[in-house]
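Trainee: Could we go through this model together? I would like to begin with helix packing.

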Amino acid sequence: MYRTNTCGELRAANTGNQITLSGWVDSYRNHGGFLFINLRDRYGVTQVVFTPAVGDEYFEIAQALRLEDVIQVVGKVNPRPEGMVNPKMPTGEIEVQAISVALLNKSVPVPFVPSGFDMPSEETRLKYRYLDLRRPEMQHSLVLRHKITKVMRDYFDELNFVEVETPILGKSTPEGARDYLVPSRVSQGCFYALPQSPQLYKQILMIAGMDRYFQIARCFRDEDLRADRQPEFTQLDVEMAFVEMEDIISVIDGLMVRLCRDLRGEELTLPIPRMTYDEAMERFGHDSPDLRFGMELIDVTDLAKECEFRVFKDPAVSGGRVRGINVKNVADHYSRKAIDELIEYTKLYEAKGLVWFKVEADGKLGGSSAKSFDDSLLEKIGERLGAEANDLLLFCCDTFEVTCKVLNALRRKLAADLRLYDPSKLNISWVVKFPMFAPDEETGGWTAMHHPFTAPLAEDVPKLKTDTAAVRAQAYDLVINGFEAGGGTIRIHDTTLQSEVFSLIGLSLETAQSQFGFLLEALKMGAPPHGGIALGLDRLVMLFAGLDNIRDCIAFPKTTKASCLMTNAPGAVAPQQLEELAIRTTVEPTADGI
């Protein structure tokens with residue numbers, strides 16, 4: 001038996017027990033012939049004491065131990081001496097007096113110590129991921145991930161959902177991102193595609209009469225990466241038949257209540273707040289607004305038309321927008337240099353500049369631009385933004401799209417810099433009624449904002465041909481702390497309407513039949529009204545764990561170049577493998593694909 005207990009479970013109640021522990025040497029201290037070793041496993045840390053009384057053989061083994069050696073210790077649980085209790089450790093009331101020790105595996109000097117305070121670069125952590133995963137923080141994230149998926153499975157089982165696995169090897173279909181392609185050895189020249197989502201399969205399951213489906217699904221997208229995105233990711237996939245949007249939102253509301261209660265000990269108040277897409281863009285400049293702080297966007301376009309200040313007036317009279325935010329009670333902290341740095345930051349988001357005012361002690365607006373406005377107009381602008389002494393007012397004057405992009409980025413940056421929210425708290429909301437279509441810059445036509453199977457709002461169906469831009473979708477996003485945690489839609493189940501949508505996005509009947517023929521055929525055979533949603537599991541774990549990078553809650557993630565630094569994937573393959581697949585490459589692979 002390698003152990004009778006874990007390194008995190010011994011307490012004062014175990015005093016006097018003889019126990020066996022196994023784990024890694026977390027720290028090593030030699031105090032005048034007394035050796036103190038903190039022994040670590042997934043469950044915690046226990047202090048082990050070696051004295052000469054343990055005997056020369058075992059004492060020599062203990063003296064030779066170093067960090068990350070794997071050992072087994074037999075010992076007796078004793079209370080720590082008076083004044084030596086460590087309240088920061090769950091096992092801090094006791095220590096183990098060693099009786100014997102066995103070296104199970106000697107470690108070479110490690111590139112970094114998992115329990116160290118100074119962490120190396122992320123590249124080093126990913127290269128030696130097995131060391132990084134020994135850190136309690138990383139193990140906590142993976143345990144949290146396990147608990148979240150368990151709550152999900154239990155919750156949906158209680159609601160009579162059935163978990164169904166869908167294929168990994170499927171047909172390449174356009175879903176908004178590049179597919180990962182897998183060549184077929186049997187059907188040479190043909191390819192499978194890894195699923196970007198189980199979208200088509202879950203609709204088929206509804207047509208098949210499964211009624212309530214869910215899956216913890218692996219998905220793959222060959223797209224540019226960032227902190228909250230990976231080429232392979234996991235999502236909670238849900239689909240329901242004979243439902244409307246409110247049914248699906250209600251089910252996910254219940255899931256969020258359960259997750260918050262079981263994993264955070266918090267009661268989430270229902271209903272979860274919601275706003276329309278249009279409201280989100282007007283108030284916050286983004287369709288995944290961070291509601292943990294205020295600083296809402298305020299429109300002053302009508303007032304800008306009254307002034308002679310060209311930076312304000314020209315966009316206002318030419319169809320653009322003038323919008324601003326009020327950063328409360330910080331003007332005295334922002335020097336001209338600091339404001340200039342903000343202006344440079346906004347240029348990353350296509351801003352041509354910012355107009356700013358500081359609210360003086362008497363409530364009047366001051367600053368380099370103030371002299372270009374008459375006092376009455378400045379007073380109206382101040383009133384519109386709720387200006388008070390020491391506030392900083394920042395304005396973007398441009399197209400609606402640019403003002404959204406700039407002010408959304410600015411309010412998020414300022415909120416983080418000024419610590420306007422508690423990063424440990426969750427703010428959950430819904431955004432609904434998205435536009436059905438978005439302009440296609442390449443073709444000059446339309447593209448589906450979500451996917452081509454999204455149903456329009458019933459009242460907007462007549463506008464499909466007459467006012468396409470105004471058509472809204474039966475689409476809904478779950479937003480947590482300014483991140484899109486999940487999104488879904490009610491699907492089109494009528495073949496006539498589906499054909500009309502295909503036509504609007506420039507998809508011919510022949511192309512649609514080639515790419516989605518099996519679904520279109522199925523829709524003709526008694527398809528029920530249905531809809532669903534997908535929640536990003538990696539992102540959900542990141543948010544519940546209070547992290548800002550999903551790589552910290554995935555066991556073996558990829559870098560932003562979609563490579564694995566630990567295994568050196570992707571890599572070259574043997575010429576024989578390519579020959580079997582009838583594939584010839586036109587470029588030489590880089591070393592180990594990195």
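Trainee: Which residues in H5 meet which residues in H15?

Mentor: Leu200, Gln203, Ile204 and Ile207 in H5 meet Phe516, Phe518, Leu519, Ala522 and Leu523 in H15, where contact means heavy atoms within 4.5 Å. By class, this contact has eight nonpolar, one polar and no charged residues. Ala, Val, Leu, Ile, Met, Phe, Trp, Tyr, Cys and Pro count as nonpolar, Asp, Glu, Lys and Arg as charged, and the others, Gly among them, as polar. The model is predicted: local features need pLDDT of at least 70, side-chain atom pairs count only at pLDDT 80 or more, and totals for chains, interfaces and linings use all residues. Residues are numbered from 1 along each chain as its sequence is written, and side-chain values use heavy atoms, with hydrogens and water left out.

Trainee: At what angle do H5 and H15 pack?

Mentor: H5 (residues 199-207) and H15 (residues 509-523) pack at about 20°, with their axes 10 Å apart. Axes are lines fitted to C-alpha atoms, for helices over the stretch in contact, and angles run from 0 to 180 degrees between N-to-C directions. Helices (H or I, at least four residues) and strands (E, at least two) are DSSP runs, numbered from the N terminus. H5 and H15 are therefore roughly parallel to each other; angles under 35 degrees count as roughly parallel, over 145 as roughly antiparallel, 65 to 115 as roughly perpendicular and the rest as oblique.

Trainee: And H14 against H15: roughly parallel or antiparallel?

Mentor: The axes of H14 (residues 495-504) and H15 come within 12 Å and cross at roughly 160°. H14 and H15 are therefore roughly antiparallel. The residues of this contact divide into six nonpolar, three polar and no charged.

Trainee: Which residues of H14 take part?

Mentor: Thr495, Gln498, Ser499 and Phe502 in H14 meet Leu509, Ala512, Phe516, Leu520 and Leu523 in H15.

Trainee: Changing topic, what volume does the second largest pocket have?

Mentor: Its volume is about 320 Å³. On a 1 Å grid over the protein atoms alone, a pocket is an open set of points with protein on both sides within 12 Å along at least five of seven lines, a cavity is a set of points where a 1.4 Å probe fits but cannot get out, and lining residues have an atom within 4 Å of a point. Grid points are joined across faces, edges and corners, and a volume is the space filled by probe spheres set on the points.

Trainee: What lines that pocket?

Mentor: Of its 13 lining residues, Pro114, Ser115, Gly116, Phe117 and Glu137 are the closest to the centre. Strand S2 (34-41) and helix H4 (136-158) each supply at least two residues of the lining. By class, the lining has six nonpolar, three polar and four charged residues.

Trainee: Which residues line the largest cavity?

Mentor: Leu126, Arg129, Phe556, Pro557, Cys564 and Met566 line the largest cavity, whose volume is about 40 Å³.

Trainee: Where are the cis peptide bonds?

Mentor: One joins Leu270 and Pro271, with omega about -5°; Pro271 lies in the loop between helix H6 (245-264) and strand S11 (274-276). Another joins Ala569 and Pro570, with omega about 0°.

Trainee: What is the phi of Asp211?

Mentor: Asp211 has a positive phi of about 70° although it is not a glycine. Asp211 lies in the loop between H5 and strand S9 (212-220).
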